[in-house]
Amino acid sequence: MASVQFKNVSKSFGEFVAVKDMSLEIGDGEFVCLLGPSGCGKTTSLRMIAGLETPTSGSIEIGESDVTFKHPKDRQISMVFQDYALYPHMNLADNIAYPLKVRGESEQNRHKRAQEVADVLKIGHLLERVPAQISGGQQQRTSLARALVYPSKVYLFDEPLSNLDAKLRLEARGFLNHLQRDMGMTAVYVTHDQAEAMALATRIAVMNEGEIVQYAPPIEIYRRPATTFVANFVGNPPMNLLPVEAMIADGGISIRADGLSMDPLPVSARAAKALETGKTLTLGVRPEHLHIAAGGESNTISGKLFANENMGPESLVTLERADAARFTARIFTDDEIRLEQNVSLAFEARHVHLFDADGLRLPFDGE
Amino acid sequence: MRHMFLRFFSRIGFSVFASLIGALFALPLIWFLFAPFNARAELGLAIPNPFTLSNFVTVFNNTFAIRGLWNSLIQSVGGVIFVGVSATLAAYALSRSNMPGKSAVTYVLLLFSSVVSGSAAMVPIFLIVNSVGLIDTHISVILVFAGGLLPTAMFILRDFIDGIPKSYEESAMVAGASPVQAFFDVALPVIRPGIVVIVVWSFVNIWGSFLIPFILLRSSEKMPASVAIYSFYSEAGTPIVTLLAAYALLYSLPVVALYLFVSWKFGFRFFGGIKA
């Protein structure tokens, strides 16, 4: 196992800049997820660690040694591809043992080792088959077995679960989490699925337009998103964001918007600074922090009922304000929720997030 | 009820019509199978009576004709190896590299290739081959065919390789394989169905070609079967039908054998990536 370091790495394809001056440190034994929408540069970053792309500038280190221009075969890494890249002309045993074959292991040792790994992944009984004869989930585990068959410094995953159906994906995700706990491997995992990143990562690097927006443990990303982009990307459904007018009055920040009624928030240094130049902020509240107002709450937002979706253990209640902005609440009850045409949702002040006009988070004092 | 009858009879009418057309097309083939075994074969269709191999005996005694088959084999196999190897390497490079203007290269070559194997270019080709000193050699025939067939072969193969995900070789290289290893272990077996198509196509092309060997070769012991077949014409230019039929059957056997072998071994199907 080893650490991975990006030092001011940029990569462009012609005019298009895929990765902009990225610096990132992935510790030994860490499981880091690169999370972002498609085209944000996450896969390019991963391929640069693998050596399948060469940075335009900057350098990449694996375990203290500079690998920027090294051939993939000399990096001692393994990688699981999105399309699995299983060799159609080889049976599973030869597929899994291929890395050992190029390392000159004897056929007997190779197949013994392949059998061991395949047994762990519960595909040991399929080794004689070719990839076209097994299911998608089994193909995925085969490609995982091929990555695990030899010791690597870093394990790379390029959206390995995105071709699985929802149920298999959950199962494979749980297995990967178990594997990480078991092996303590250094892993870099690319995904656009925030739930996957939250579940697996020790740290998440949220990327947008070739840059890292926030690099922090999952709980930190969830609790204190650095920008509106992160707030909107992480969480399901995403955080409710609402442009509001704010000003400092009577030692608090008073916040105004249509349908919104709030007690003044405590003034923080950053918020005070932001309000010197303008008065438009963005208010954010996560859906799980909203509940149906019972009357008497001091922080509420109201509007017309837009949707009421019962999901079993929870319900999603969405209201629409006069300006068509929507606010969704995630209500944890297995009772059916009956609502009038007009709905009020309430929240607590400690669950409020504030962002400045540029979308940067305004932390409260002491955060 | 009436409707059903109508459908029934129109169905019969269609079948009769289709059979007639089928028979019309089958006649020459049936002639081709019967005539070689008929000592008195003419251009009309006749069932051999008695069934005889005497035509073949006469053909096998004609050394020029038999050597022609052997020469065809040398030129075709030589050309196929040349085209197969070069087209595979070139198409792989054109598909996988980021060389600027690589499609332009392919299209320009494709354009000129139709000139090379066309009869308009025969005079310059003869002059070139003559000045290089390769007139009357198997190599000259192989090279000219390669020049004519390679661009199309490259074009077909490149398209085929483009459809194969790069991640095959990438995963091999990440697993520790050198680019050469990745090519032979992973890429080549996946490309093989495409190569087989190229091999069959170029074999058939060279095997059946008359003009190029006829112009580039001088001595009778190097002529391929496509030229040698003219030894079964009389001085006046009339075909000796019995011998011609027997020789034509022999001449067509290798191509048929190749088709059968390939469809048995590879089944003429492409397998690209695994459906994900």
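Trainee: What makes both faces of S3(A) count as covered?

Mentor: Phe31(A), Cys33(A) and Leu35(A) on one side are buried, and so are Val32(A) and Leu34(A) on the other. Buried means under 20% relative accessible area, exposed means over 50%, and partly exposed lies in between, with a 1.4 Å probe and protein chains only. This is a predicted model, in which local features need pLDDT of at least 70 and side-chain atom pairs count only at pLDDT 80 or more, while totals for chains, interfaces and linings use all residues. Residues are numbered from 1 along each chain as its sequence is written, chains are lettered from A and ligands numbered from 1 in the order in which they are written, and side-chain values use heavy atoms, leaving out hydrogens and water.

Trainee: Why is strand S3 of chain A called largely enclosed?

Mentor: Strand S3 spans residues 31-35 of chain A, and 5 of the 5 are buried, so the rest of the structure largely encloses this strand. Strands (E, at least two residues) and helices (H or I, at least four) are DSSP runs, numbered from the N terminus.

Trainee: How do you know which strands pair with S3(A)?

Mentor: Two strands pair if DSSP finds at least two bridges between them. S3(A) has 5 bridges to strand S8 (residues 187-191) of chain A, running parallel, with Leu34(A) opposite Val190(A). With strand S9 (residues 203-208) of chain A there are 4 bridges, also in the parallel sense, and Leu35(A) stands opposite Val206(A).

Trainee: Why is Cys33(A) in no disulfide?

Mentor: A disulfide is a pair of cysteine sulfur atoms within 2.5 Å. By this rule the count over all chains is 0. For Cys33(A), the nearest cysteine sulfur is that of Cys40(A), 12 Å away. Cys40(A) is likewise in no disulfide. Cys33(A) is buried at a relative accessible area of 0%, and Cys40(A) is buried at 2%.

Trainee: What makes helix H1 of chain A largely enclosed?

Mentor: Helix H1 covers residues 42-50 of chain A, and 8 of those 9 residues are buried, so the rest of the structure largely encloses H1(A). Among the buried ones are Leu46(A), Met48(A) and Ile49(A). Just after H1(A), Gly51(A) takes a positive phi of about 90 degrees.

Trainee: How do you know where the domains of chain A lie?

Mentor: The bounds come from an automatic or database domain assignment. Chain A is given domain 1 (4-233) and domain 2 (240-355). Their centres, taken over C-alpha atoms, are 38 Å apart. Contact, meaning heavy atoms within 4.5 Å, takes 8 residues from domain 1 and 7 residues from domain 2.

Trainee: What is the area buried between domain 1 and domain 2 of chain A?

Mentor: Buried area is the accessible area (1.4 Å probe) that two parts lose on being put together, summed over both. Here the value is about 600 Å², with 61% from carbon and sulfur atoms. On the side of domain 1, Tyr222(A), Thr228(A) and Ala231(A) lose the most area to domain 2, together 71% of what that side buries.
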